[in-house]
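Visitor: I would like to go through the terms used for this model and see what each one rests on.
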Number of protein chains: 2
Amino acid sequence: MSPVSSEFQRVIDLLAKLPGLGPRSARRVALHLVKRKDAAMLPLAQALEEAASAIRTCTRCGNLDTHNPCAICADNRRDPAAICVVEEVGDLWALERAGVFKGSYHVLGGTLSALEGVGPSDLNIAPLVARASDGIVTEVILAVDATVDGQATAHYLTDQLENAGVKITHLAHGVPVGGELDYLDEGTLAAALKARRTL
Amino acid sequence: MSPVSSEFQRVIDLLAKLPGLGPRSARRVALHLVKRKDAAMLPLAQALEEAASAIRTCTRCGNLDTHNPCAICADNRRDPAAICVVEEVGDLWALERAGVFKGSYHVLGGTLSALEGVGPSDLNIAPLVARASDGIVTEVILAVDATVDGQATAHYLTDQLENAGVKITHLAHGVPVGGELDYLDEGTLAAALKARRTL
């Protein structure tokens, strides 16, 4: 007989499916929570329920927010002429934390991947082409990951946006700020050298 | 303005306080959940609530279960003469997974720690002494961690149990099964050599 009751086991099983957690860390988290029912377990349950009912996907850009259109799309101080295309909402957050982009976003919801069977129709691509062709947008920045799938997606998007009459740009490759050359891969070093600038 | 809504931020903040998670992994988990509202987010919220209301601490041994006394304490096929003392419920689960101990348990709820200000009154020690003195118990196995705090707690418990008239034992130190000598610390090797046995 398992010493873990079924209610407890269900919490552990659900936690173990979360990214970065396995059966062992899920047990640890579950024990942590059950020892702090009022301080951690019930507040987390309530916060999850509230967030699940309040958060929706922005039908314009694919961002997650409590409003539709999202706060970024609805903000008329932001530049309507520039769209920054990202893979996931987490990437949008990362760019917002950097606080340097003042246009709007477009979340693809992933990258094209032959291996995982993700095709163009699985991603938020057609609405992007429609947005880029509206006559207001002048630049589409492809801020996808510098991975094989990310770059394949960037190439596909460049093709699709060819007739939209917009400038298509991508993020610069180079040495990360604070990065030590000794620890960088050859690809990054080659790209940084190729894109060198006069001081 | 933060791109993350307050409902979302609350989920992230609560997740970031869980053991093994930080702000970055909490964001990743929160995004994973909100993309799977019906498959993961709401079931987790519900499972947490159900577990919080169903699970209680066994007043006899300190185990967590939906019943009080817990299933282990209530199981009359288990040997009432042996108590295995563990620090946390997770340790009890680990021993039950090994499936070799057929007595009852006693969960201390931690270890004595001068640094963290944990004294004997903060642990489940007095009830252990009472249980050990009931005339039925003949052996108390101290299955505490082989850490400084764990061993200090074992010494304190040995003192406290002196007049209970029970045999006090502790887990053997030695080479872990499957362990390679080359990777073991000197303390473990010394303990294993000292406790060597004839084949």
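Guide: What follows takes the terms one by one; the model is a predicted one.

Visitor: Why is the pair A:Glu88 and B:Lys35 called a salt bridge?
Guide: The rule asks for a side-chain nitrogen of Lys or Arg within 4 Å of a carboxyl oxygen of Asp or Glu. The side chains of A:Glu88 and B:Lys35 have an N to O distance of 2.8 Å, so the pair meets the rule. Across the interface of chain A and chain B, two salt bridges are found, along with six residue pairs in polar contact.

Visitor: Which elements of chain A supply the side that touches chain B?
Guide: Those supplying at least two residues each include helix 1 (6-16), helix 2 (23-35) and strand 2 (64-65). Helix 3 gives the largest share, 12 residues. By class, this side of chain A has 32 nonpolar, five polar and 13 charged residues.

Visitor: How much area do chain A and chain B bury between them?
Guide: About 4,800 Å², with 75% of it on carbon and sulfur atoms. In chain A, the residues that lose the most area to chain B are A:Pro3, A:Leu48 and A:Trp93, together 15% of what that side buries.

Visitor: What rotation superposes chain A on chain B, and what relation is that?
Guide: A rotation of 180° with 0.0 Å of shift along its axis does so, at an RMSD of 0.1 Å. Therefore the relation is that of a two-fold axis. The same surface serves both copies, as 100% of the contact residues of chain A recur in chain B.

Visitor: Which residue of chain A comes closest to the rotation axis?
Guide: A:Ala45, whose C-alpha lies at 2.1 Å.

Notes
Residues are numbered from 1 along each chain as its sequence is written. Chains are lettered from A and ligands numbered from 1 in the order in which they are written. This is a predicted model: local features need pLDDT of at least 70, side-chain atom pairs count only at pLDDT 80 or more; totals for chains, interfaces and linings use all residues. Side-chain values use heavy atoms; hydrogens and water are left out. Buried area is the accessible area (1.4 Å probe) that two parts lose on being put together, summed over both. A polar contact is a pair of N or O atoms within 3.5 Å; within protein, one must be able to donate a hydrogen and the other to accept it, and residues adjacent in sequence count only if both atoms are side-chain atoms. Helices (H or I, at least four residues) and strands (E, at least two) are DSSP runs, numbered from the N terminus. Ala, Val, Leu, Ile, Met, Phe, Trp, Tyr, Cys and Pro count as nonpolar, Asp, Glu, Lys and Arg as charged, and the others, Gly among them, as polar. Copies are superposed by least squares on the C-alpha atoms of residues with pLDDT of at least 70 in both. Contact means heavy atoms within 4.5 Å.
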